[in-house]
Every structure is written in C-alpha cells, then in structure tokens.
Amino acid sequence: MVTRIPPRTTRQPTRQRSRFRHFLASGAVATAMVAGSVIPLGPLLPAAPQAQAAPLTAPRTAPQAAPAAADGKKVLTVAVDQSIDSLSPFLAQTLVATSIFRLTNEFLTNYDPKDAHTIPGFATKWASSADKLTWTFTIRSDSKWSDGKPATAEDAAWTFNKMMTDPNAATANGNFTSNFKKVTAPDATKLVIELKKPQATMTALDVPIVPKHVWEKVDDFSKFNNDKKFPIVGNGPYVIEDFKVDQYIRLKPNKDFWRGAPKFDELVFRYYKDKDAAVAALQKGEVSFVSGLTPAQAAALGNADNIKVNNAPGRRFFALATNPGAKAKDGKSFGNGHKALLDQNVRKALFHAVDRKTIVEKVFQGNAVEGQGYIPPRFDSYFWEPSGSQTIDYDPAKAATLLDKAGYKKNSGGKRVGKDGKPLNFRILCHATDPNDKAVGKYLQEWWGELGIGLKVECLDNVSDPWLAGNYDLAFDGWSVNPDPDFVLSIHTCAALPATAEDTGATDNFICDKKFDDLYAKQAVEYDTAKRTDLVKQMQSRLYDTGYMNVMAYPNAVEAYRTDQIKSITTMPEAAGNLWGQDGYWSWWSAVPADGTGEASSDSGSSTGTIIGIGAAAVVVVALGIFFAIRRRSTAEDRE
Amino acid sequence: MTIDKTPPNPSESGDSSEASEASGSLTEMPGTPTDGTAPPQTTGAPAATAKAAAPSASSLMWARRRASVSRFWRQYRTHRAGLIGLAGLAVIALIALTSPLFIGGDVQSVTDAPGTALESPSGEFPLGTDQFGRSLLGLLIWGARISLVVGLLAAALSVAIGTLVGIVAGHFGGWFATVVMRITDWFLVMPALVLAIVLATVMSRSIWTVILAIGVTSWPTTARLVRAQTIAIESRPYIERARALGGGHGHVMTRHVLPNVMPLVLAQTTLGISTAILTEATLAFLGLGDPSVVSWGGMLQDAREAGAVSSGHWWYLAPPGIAIAVVALAFTLCGRAIEAVLNPKLGVSR
C-alpha cells in the first residue's frame, strides 16, 4: 500500500515498515546484550560489547546533541522514526518527508491552525470563473527563494506543468493535476489554471511549489532524489541544510520568510528507530519532541518534570476492512477472499460482535475515540455518525441470529458451518510491527470465537503484497484524513480499482459501489460548502451501509515535548490539536525557545528504576559471560 | 554367514539385517551412553555370544545397561553444578507440565482479563499485569511450555541434522565429505541469527517455523564434532573387523559409529537446548514469533511494544528475562556435567 500513498495521507504501513527496520536493529542490539554473552554462537559475540557501549556513547557522538549548543544556538530537536523515501517533492510520500516539504516549500494555499479553513499561502487571493472551469490565483510578491531569486507565478506554473506532462513527476501528487487542462502564468503574480471539469479541491492543492531555475535542470524525475546538493533551495519557513539517511535532517530558519522567521536557530529531525530510546532521550533532554507514544509511556511522561504530554484527537481512523471480492476494472476477479464475506449478513454479524468501546478502553487505554463514521470527529463539519436502526452496535446475540439467518449454524463442536459443511474460518491481515493490530486481533479472536468463527491473525511485515493481490479475508486498515476529504473518499470509488488484475490501483479495499460513485462525482464538482458537506455525509452513510468497512476507533495523537526547551508551540486545531503531522508548518514555525537554555538534569524516578533493572540484567549477563568463558576455555582442547 | 563377502561391499538389505540382528543384541543401545566409554568390548564376538547365550543375552544387556546408568549417575552426582541444574530443570518442567491444572488457557484470554492495564505487583497479581490486564505470573508459567517445547524440539532437530551430516561425511570421506563439509562451513560462517530471521520472515508465523528456523541454522557445530568423532572411531580395528564380516555402510554407521557418538550427541543436545531457547526468545522478541501464543521472548516483545522500558515497568521486563536466563543456565549446567561424564577425554572432574 505504501506506493500508493498520497502526501499527508499516510496509511499505517508506511510508518510500520520503516519502524520494522529499526525494530530489527535495536532489537538485535538489545537482545545481543542478553543473548550475545550466553549463546555460544560465534557471530553474535562481537556484537555484545558494541551493544553495551551504544547507549553510553550515542548521545555524545550524535551531532548537535545538546538543545543549546556551546555557541548558544537554540536547537529544536524532533525525534522521528520513519525513513525518508526521497527529498524530491515529486516522489516523496512518507509522512516525515511531506511534513518537511511543508516547512521548506510554500503551497498555493494553507490551512488555518485554528479550524483548518483555507487561508493564503503562496497565493494571496483566488477566484473561479462563472463556469467553474478557470481558476485565477494571485501570487504573493514578497516571497523569495532562499538563494535570493524571487518566487513567482512562473515557478508555480512550471511545477504544475511538469506534473501534467511528465508522469514521473506526478508520482506523489498526480491526483491533483489529472483534471488540469492548462496552467499559465501571464505575469509574476498571476497564475491561471484551466480545468477539464469542475474540481472541488482547487483551494486544497497540497503541492509544494518548487523553484523553476533549480528544477528545470533535472533530467529524470523518477530517479532524482534531491539529496546531493545542500542547502536545498526553498521558500518556506525553513531550509534543509543537511541530511544523512536515517540519522538526521537539519534545517535552518529562512530569515526572509514572509510570515516571519522561526524563533529557533536550528531544527533537527533526529532518527530514533526505537520509541523507548526516543522517550529516554526526551527524559534526558536530548530531544525536545517525541510523537506516537504508547499509553504507558504517556502516563510515565505525564508525571515527569518539564515535560508536557499532548494528547489530541487524531486525524486517523483505525478500521476493519473486509475483502469484497477483489476485482479489476476489466471485471476480472482475483485473489482468494473468503466467499462467505460476500454475504452482507455475515459481515454485519462480524461487526456486531466487535466491542468498539472495549477496544478504545483496553487497547488504546482511552487514547482514542470510538469509531462511528468514516471521517474522524476532529473534522467536525464532515463528521457523520450512524443513527437509529442503521447503527451496527455491539450485540453478540444479534450477530448469532444474523449468522443463523445467513445459513451458518453452529455444529456440535460450537463451530459455525456453512451449507457445504465447512467450518467458518477467516484470516485477518495485520501489520507485524503494529502493537494495536496484534492486540485488537487477540480480542477479535475471542469475540468471534464465541460466535463460532475461527480467526487466524496473519501478521506480516509486508502486507502490501497479499493486499494488492486480494489475498485476504479481513484486514486492519487506517488512513490519515486531510481537511479536504476528497482523497480518502476517492479510494473507495470504482475508478480507483486497478485496470487489470496485474496492475496497482489507488483503491483501498476494492470497494466498487454505484451509489457511492454517483455521490462522489457529485461532491467533486460541488463548490457550495454546505451542499458538498451534505454529500460527503451521504457518502459515509452509504459506505457504512455496504458493510465493507468497520471503523473501530480514531486513535489520538499522543506526543510529548520539553517545556524547558520549548516555551510555546501552536497545536492544530488550536484547541486540543496535534503537533506532529499538521496540515501546515504551524508547530515548528511557531515554536518559541524557552529562556533557560536548560541542560536538563531532571531524570524521572521511572528511569532510575529502569537503570536499576538494566544494571541487574547486566550483572546477570556478565556473570553468565564469565561462566561461559571459563567453560569454553576449559573445554577448548575438545572443540574442533 | 556373511564371511565370504569382501569388506567394503555396500550392504544389501538381507546381509545387513542379518548382521545387525546378530550384533544388535549387544550393541544396539542408543541413548545408553556407556557405549561410548567402552566401545571395543561391545562388538567382541557378536555371533558367538548371540548363538551361545541366546536366552541370557537380553538379561545380560539389561544388566549392563543398569550398570552403565548407575555408573553414569554416580559420576554425574559428583558434579555439583550439574545437580543444581538438574534440580532447577525438574522444578521448571514440573511447573510447565502441571500448569494446565492450576492456571489453564484462560490466562491468555484478553476479554476475561481480571486486572487493569500494567498494574504493579500486588497480592492478587504477584508479578503485576500486562497491557491487557492479564496476570504476568500466569503468563510466565504458561509461556514456559512454549519456550521449553521450542527449545527441546529445535535442539533435537538441529542435533539430528548435525549428527546425520557428521556421520555421513565422516564415514564416506573423499570428495563427498569435502562438499558436505564446505556446505557445513558455509552454514557455520553465516550469522545464524540473521539466517534464522530471514527464515522466520519468509515463512508463516508459527512455532513450527521458529523450530525449523533454529534447527536448520544451528546444526553445523554438531556436524563438525560428530564428523571428527566418526573419523576417530572408524580408524579403530573393530570397525575393520565389522567390515570384514560383511558390515555395509549402513551397518557400520548405525551399529558402530552412532552408538559411539551418542554421548557426544547427548551432551550437544543438552547444550543446544539453551541456545535454542535463547534464539527462540530472540526471534520472538524481534516480533518474528507466533503472536497468538505466549512465550517468554514474546512477553519481552509485548513489554517493549507497550513501552515498559521507558515507563519503568520493570516487573513486566525482568521476570521473562530472568526465566530465560535461568532455564538456559540450567540446561547448560546439565549439559556440561553430562559432557564431563561421558566424554572420555574430559575424564578428570573439574
């Protein structure tokens, strides 16, 4: 699924997979500490001293470790774990990369941090013609590229034209320009876009505008990753100074930024491939900000001094998707999805047996909102929830009745069997590196086991392959939703299906429903906000009724920052909003450094406990090591 | 009988079975390690003994076995570390085997979890609870079963492969052995953990995958040891006599070489179990185990995913880690003692 992720709309796996790599790395190192000294495997032994040395030396050797370096620079350090796929805005799709483009390049429009309504960005004004087919943007004249050249409408026109003419440049954001007919820049402050048919996303064109004089020298957009020459020319609040794969990305503030320069002297995204290591670094004051905390980490950090935990409603949904019988546009079916799931009653029964409240309480430990419709309540204008008889609530008795009705009766062994006498057993595709998937999988196994349905939780590191091939019955699904819901709705239209069984489509879950498609087409050309909102709600209602997706929860964004390093920072939305992965550059642009250039010395009590635990473990390990060394030496002559 | 056959003749089924029948009554004692200490006598005059004392042969054999077991035990007893290890193993095995009686599979259930998430140790939950509110003590005991089963089976598989490769390579020699041993060397220099991770990644998640992944990556040491021992044994004169009497390849390998390498294999297995348990824990910790079963490595992985390290929830991390270390240590102590008793070269007690 990774390859199909548009900017800012990051589906879980992207993050997961990169996280997996650090899992291996850090896990192997940590385990080597224990295993290395005990397992008599030769190759492991050299790893042990390294592993033990790593935690001690890492902070010292890491570049720019202290928040306030010796020369008094105020450095804002953000812990990240997702690898950057590319620094070319035409290719990059990961959340880290697209968040960084927000900081380095202006977009035509931006979103207000208060309520995410569209506000001026690179463009100051915009208007559409009476026939809704021609849009005229007024480009600001006070924006300059970081190499001193003025940023004009010509740059924007070149960016869009490149994406329209070169398929390789349309990899990341092609969905915005596919409906463009012609883009011109009559003068430096005027950009004219002509459309083939009306497009409701015209004020939400999330495309980073690049400098024409730099990018026109690029030959092959499919290969150019923009990571050789630094600093990278941009016109956003920050400029990329340096980048080392999976180590750090360093940004300097753009002093000429038209909205005002950021207050910090440097912004560093430092890689911590292990969340616990990132949290430890936050406790020590080596990083200023960590996102994606587990409930236990959030609780522990909540008690620590100088650390503020920000627990905000998230923009993601976490859902259960059923395979509706994977199909290509040419009508050919493929994959091996379970036939029983084509019966709406069976799907409904499964969903009736899912206790979403328990999932929110137990798995997310309250750090989530119970799932209802498709779009999270954070986007309150588009948020929709089922009502009355439409609602699929937790009701195992009803689920059992529905299954009986569908012809799956319980046999003597308590298993549901179909008419062919075969017991009902499903598989669910889970991301091996996502603890939430695994945890919810455990609950589903027990809930559905009560119903007499078997469930095999298939946790894979790479879920994309079976997913794209349609080889799944159920799957854990999740997308981040943008202020404009067009994209997350588009992935459930027939148009998003793959052209043939071999192709890759933009589809999320192979859903193809005529009613949904009609509504989608209507909302895409509807410029009236109220009417469009209503259509979007109708689409969610329709999606809910088809019963292919069950949104279980909207996980919160749980993040923490050091108050002795960051005095203030803007969340989005301003009231109870998140900091990481915003629609805009607000958090890092607005961050104000704290006065005390505090070398944080306050270790929380919990880390003391950890140190004692690690110390005890180290003693055991060393003892075992010595023991084995003696043993090996004494038997040396017997070994070949 | 088979005297007219020439020595290096490959065994035909009739001959070898007849030969093994004759000598079998005395030498077929796999698992009875005494053979290793006194190999020459066992094959003295098989045919004569078997024919002359047919009724007493089996009683003789049993007497010999009893004697060798008691001798083994007498020597084993002198190794205090070995006794400690054995006692530890007995306790752990007892707990693991009887756990279904006093905790049962309910301990794994998340929907019926009795506690709240990540409680610290208390009277009700002596080791606290995990993120689902399940009792960690119950999970620890329940997890012992998986860890032990995987450890035993994987070690057995690994030693079986190693023994087979070692004996075959040692027995046949020549270019065949060269090829087989180079393959062994290749496995030996491959980082076993990396290979196991690759195997566990490409195959479906189950404990059988883990067993297989450990088994096929950890056999080369055994293979080398067994090959060396095989070569040493095959240079003894009684092997030549057996060949002269018509013993084929299969006969020599299974009736003469195998019983003599058994002590080594036994010691290797015991030592291998601790390796296998650790590797299982490592793989589970790296998220490559079967997520639907509770194992000690899996508990460590769960603890990490819950953020127990940075939150200071030591009661979640320490018990499974200590349990792994204790079991691995117990097996190693036993293996070391067995090795000291059975390996003639290590006759002096240390």
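In this predicted model, six strands of chain A form an open sheet with mixed pairing, in the order S14-S20-S13-S19-S17-S18, where strands are DSSP runs of E with at least two residues and helices are runs of H or I with at least four, numbered from the N terminus, and two strands pair if DSSP finds at least two bridges between them. Strand S14 (368–370) and strand S18 (454–460) of chain A stand at the edges with a single partner strand each, so one side of each has no neighbour in the sheet. From one strand to the next the twist averages 30°.

Helix H10 (residues 356–363) of chain A lies across S14 and S20 of chain A, at about 30° to S20(A), with contact meaning heavy atoms within 4.5 Å and angles running from 0 to 180 degrees between N-to-C directions of axes fitted to C-alpha atoms, for helices over the stretch in contact.

Turning to chain B, the UniProt annotation "domain: ABC transmembrane type-1", from an unreviewed entry, covers residues 144–335, a stretch that is 84% helix and 0% strand. Helix H8 (residues 174–189) and helix H11 (residues 220–234) of chain B pack at about 140°, with axes 9 Å apart.

Local features need pLDDT of at least 70, side-chain atom pairs count only at pLDDT 80 or more, and totals for chains, interfaces and linings use all residues. Residues are numbered from 1 along each chain as its sequence is written, chains are lettered from A and ligands numbered from 1 in the order written, and side-chain values use heavy atoms, leaving out hydrogens and water.

How values were computed:
UniProt positions renumbered as here; feature names shortened; annotations may be inferred.
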